[in-house]
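These are my notebook entries on a structure that I looked up. I set down each point as I checked it.

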Amino acid sequence: MKCSEFLKELTDYLDDRIDAPTKAELEEHLHWCHNCYVVCNTTKMTIEIYRDSHLYELPDDLRTKLRSAIVSKCHGSKDCGPHTHDESQAATPTEKSTEKS
Amino acid sequence: METIQPKLDEPVSEELMLVNAARGGDVGAFEQLVKKYDRNVFRIANHITQNREDAEDVVQDAFLKAFQNLGQFQGQSKFYTWLVRIAVNEALMRLRRRRPERMVSLDEDINTGEDTIPREVADWSPNPEQLYNQSELREILQKTIQGLPPSFRTVFVLRDVEGLSTEETADALNLSIPAVKSRLLRARLQLRERLTKYFKKQRGGDGQP
């Protein structure tokens, strides 16, 4: 197996979404290829460090403020009659039709 | 080598009861859903917009739109995936407003074939937590993820930070599964490459990029 072939399978390998024979082949490659071992190990650490980083935690005071604003807007929206707006795009966002300038 | 598994799904029956009550106009029930997911929506919005005020607006607008459009939620996907879809769309809209000169789209998929070639192959040692204090580390992680194109950043955040499955991420972003996997691989490798410049094993140098 070449390093480029290993890299193509790296995401499925890290997510454990590959069949046993392919996994064995990848691990055989990892056994002798130091560079791929390092790339695999540090990619795994990259994922873990972001997962455990607690970036952008919502502070309690802001959380309370936002929730109260949301609840108040929902009550206002209900008083105006539910589902009266033409917001069909909101529930099925149009990522595919974004502008390309 | 040990692999990484996404977080396990939680039972959804209680959630469906709340969704049904909210659909009938019960704001109290909807508030329970807000409490359950506001932190996630705030994180996702911040990661995409890279702007705290925009993220606050996204949280409010996404939940309000979800409440107003609950009638359209058919229960084919999980409520959270549906909510994330609305929040991502709101966040991308705000990013476009702030950066009208730049293309901001989940469709962007510039594949030069070179962005997955590892150049930095040094191992990390000691652990980043030992090299930097919490706030320094947070700054490095923020700066690093900001450099990714929004389409990569969004997939990485949903899949690896929020723990959505590949299928849920594809559903939330209206992308195909191969597209999600391709963006995820490139996001992971690009982040790894950039972080290695900070965290690589020090060999006589000061370890700074």
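I began with the surface: chain A exposes about 5500 Å², of which carbon and sulfur atoms supply 51%. Accessible areas come from the Shrake-Rupley method with a 1.4 Å probe, and for residues only the protein chains shown count as cover.

I noted the conventions next. This is a predicted model, in which local features need pLDDT of at least 70 and side-chain atom pairs count only at pLDDT 80 or more, while totals for chains, interfaces and linings use all residues. Residues are numbered from 1 along each chain as its sequence is written, chains are lettered from A and ligands numbered from 1 in the order in which they are written, and side-chain values use heavy atoms, with hydrogens and water left out.

I then looked up the elements of chain A and found 5 helices and 0 strands, in the order α-α-α-α-α from the N terminus. Helices (H or I, at least four residues) and strands (E, at least two) are DSSP runs, numbered from the N terminus. Of the 101 residues of chain A, 46% count as buried, that is, under 20% relative accessible area with a 1.4 Å probe and protein chains only. Among the chain A contacts (heavy atoms within 4.5 Å) with a separation of 6 or more, 56% join residues 24 or more positions apart.

**Confidence**

I recorded ipTM 0.82 and pTM 0.82 for the model. Chain B has a mean pLDDT (the predictor's confidence in each residue, from 0 to 100) of 85, and 82% of its residues reach 70 or more. Within chain B, confidence is lowest in helix α5 (residues 128-131), at a mean of 80, and highest in helix α3 (residues 52-68), at 96.

**Helix α8 of chain B**

B:Asn174 follows α8(B) and has a positive phi, near 55°.

**Where α3(A) meets α9(B)**

The axes of α3(A) (residues 34-51) and α9(B) come within 9 Å and cross at roughly 90°. The two helices are therefore roughly perpendicular to each other, a class that covers 65 to 115 degrees. Residues making the contact include A:Val39, A:Ile47 and A:Tyr50 of α3(A) and B:Arg188, B:Leu195 and B:Phe199 of α9(B).

Terms used:
Buried means under 20% relative accessible area, exposed over 50%, partly exposed in between (1.4 Å probe, protein chains only). Axes are lines fitted to C-alpha atoms, for helices over the stretch in contact, and angles run from 0 to 180 degrees between N-to-C directions. Angles under 35 degrees count as roughly parallel, over 145 as roughly antiparallel, 65 to 115 as roughly perpendicular and the rest as oblique.
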